[in-house]
Amino acid sequence: MNSPDLLVVGSGFFGLTIAEQAAAAGLRVTVIERRSHVGGNAYSEPEPSTGIEVHRYGAHLFHTSNEKVWAYANRFTAFTPYVHRVYTTHNGEVFPLPINLGTINQFFRAAHSPASARDLIAELASEFDAATAQSLEEKGVALIGRPLYEAFIAGYTAKQWQTPASELPASVISRLPVRYTYDNRYFNDTHEGLPVDGYTAWLERMADHPNIEVRLDTDFFDESQPLNKRAVVGQLPIVYTGPLDRYFEFEAGPLSWRTLDFEQEVLPVGDFQGTPVMNFADLDVPYTRIHEFRHFHPEREWYPDDRTVIVREYSRFADQGDEPYYPVNTPTDRQRLLAYRELTEAEKGVVFGGRLGTYQYLDMHMAIGAALSTWENKLRLSTN
Ligand code: FDA
């Protein structure tokens, strides 16, 4: 076997950033990917009958205040001026999110100024002390008061976690942002936008280098393929971005995740909901939100005006075999994570990275930023 200078397991943003940096530094890199496409969870593809770009593993909005990451991303794609905004339906009425002066005034049928809205929320929030709150419910009420908490947080969170909010730990939320202006821009970052010709084009450009070979449909643990774990660990440097517990054959126990189910439909209307994302705050609607993908790219004039693609999103705990999406992070998970961290320290020649390899939620800009510093600080010198 003609072995590469570096093996990268997984072709998400973390793996491809490492591969791109290493290839540019002159190393021969092989990327193996279990799925039949590159890109990890940021992968997107056109829905075949409409051409509307759908994010296959959940909606992905790019935003960052990290100038280095922004400059790096712009080497592979231009961005549209898209600005993310989210609305929520409660009791048959649509409200803007994150909770802002518009939400408060609509909810209370009032015309509060920023100052009087602050006073109102402070008074409503005095029922519990956030510092000593025992449950998510107590914490939520302590942060924004019972009326807003019950309308916008309780049902939505209970659906996300399949558990009543009164039984969830307070640690599930650290803060609930309330804006005392009418600004309902979702992200506060300096830079925001969507890749002009889609995520997959961006990710494929990162892998497009003569020193990079990508092998799709190739599982690191499949011993019938030559670059499998047993054959290569200790033989060449490896960056592993798959699930941490799977690497160590669940030695310290499985780490728990939430997963999502997506129900996609093509509808014979030009516009279904008038906005990219509608949350559903109430328990009587079983899904958490609906994405209508055409609205992510209003500039694409070629999208049909008589059909649209919507995706309903449902949230649940992941079983074995489900796609892991969000770390649950129970006290048991945190204990196990410590045990796995010790194991990773002892695993010489393997760098663990990305959201699955470190068991943490990472936005795309964080995965790219972490990969750039992992390359710079851990790999560049050791692989030269
Ligand atoms: P990622 O999971 O993308 O890649 C890991 C790759 O490793 C996968 O392709 C997997 O198939 C492969 N792999 C695993 N095991 C393997 C094995 N044994 N052999 C070979 N390959 C293997 N971020 C953001 O900035 N804005 C947003 O709006 C969103 N939205 C969003 C929605 C949802 C539902 C989720 C779950 C996540 C987001 N994100 C996000 C986060 C974003 O998805 C995340 O930052 C990137 O996926 C991180 O890239 P990684 O490379 O770390 O993992």
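Phe-220, Phe-221, Tyr-240, Tyr-247, Phe-248, Tyr-340 and Phe-352 come together in one aromatic cluster. Keep in mind as you explore that this is a predicted model.

**Aromatic pairs**

- Phe-262 and Tyr-325 make an edge-to-face pair, with ring centres 6.1 Å apart and 65° between the planes.
- This pair links distant parts of the chain, as its two members are 63 residues apart. Look for Phe-262 in strand β11 (residues 257–267), and for Tyr-325 in the loop between β14 (308–317) and β15 (326–327).
- Tyr-325 counts as buried, because its relative accessibility is 7%, and buried means under 20%.
- Tyr-287 and Tyr-314 form another edge-to-face pair, at 5.8 Å centre to centre and with 85° between the planes.
- Here too, distant parts of the chain are linked: Tyr-287 is in the loop between β12 (277–280) and β13 (289–292), while Tyr-314 belongs to strand β14, 27 residues apart.
- Tyr-287 has a relative accessibility of 16%, so this residue counts as buried.

**Charged side chains over rings**

- Which residue lies over the face of Tyr-287? Arg-312 does, at 5.6 Å from the ring centre.
- Tyr-247, a member of the aromatic cluster, has Lys-229 over its face, at 4.3 Å from the ring centre.

**Around the ligand**

- There are 34 residues around the ligand, and those that come nearest are Glu-33, His-60, Leu-61, Leu-362 and Met-364.
- Leu-61 uses its backbone: one of its backbone N or O atoms lies 2.7 Å from an oxygen atom of the ligand.
- Asp-219 places a polar side-chain atom 3.0 Å from a nitrogen atom of the ligand.
- For Asp-363, a polar side-chain atom is found 3.2 Å from a nitrogen atom of the ligand.

**A hairpin to find**

- Strands β6 (residues 86–90) and β7 (residues 93–97) pair in the antiparallel sense, over 5 bridges. One of the places to look is His-90, whose bridge partner in β7 is Glu-93.
- The hairpin has 2 residues between the strands. Asn-91 lies in this loop between β6 and β7 and has a positive phi of about 55°, although it is not a glycine.
- Asn-91 is exposed, because its relative accessible area is 63%, and exposed means over 50%.

**Other backbone spots**

- Which peptide bond is cis? The bond from Leu-97 to Pro-98 is, with omega near -20°. Pro-98 sits in the loop between β7 and α3 (101–107).
- Glu-249 has a positive phi near 50°, and this residue is not a glycine. You can find Glu-249 in the loop between α9 (244–247) and β11, where it counts as exposed at 59% relative accessibility.

**An annotated region**

- In an unreviewed UniProt entry, residues 151–361 carry the annotation "domain: UDP-galactopyranose mutase C-terminal".
- Over residues 151–361, the chain is 23% helix and 21% strand, and the end C-alpha atoms are 26 Å apart.

Notes
Residues are numbered from 1 along each chain as its sequence is written. This is a predicted model: local features need pLDDT of at least 70, side-chain atom pairs count only at pLDDT 80 or more; totals for chains, interfaces and linings use all residues. Side-chain values use heavy atoms; hydrogens and water are left out. UniProt positions are given in the numbering used here, feature names are shortened, and annotations may be inferred rather than shown by experiment. Helices (H or I, at least four residues) and strands (E, at least two) are DSSP runs, numbered from the N terminus. Rings of Phe, Tyr and Trp (its six-membered ring) pair if their centres lie within 6.5 Å; planes under 30 degrees apart count as stacked, over 60 as edge-to-face and the rest as tilted. Buried means under 20% relative accessible area, exposed over 50%, partly exposed in between (1.4 Å probe, protein chains only). A charge sits over a ring if NZ of Lys or CZ of Arg is within 6 Å of the ring centre and within 35 degrees of the ring normal. Two strands pair if DSSP finds at least two bridges between them. A residue is near a molecule or strand if one of its heavy atoms lies within 4 Å of it. A polar contact is a pair of N or O atoms within 3.5 Å; within protein, one must be able to donate a hydrogen and the other to accept it, and residues adjacent in sequence count only if both atoms are side-chain atoms.
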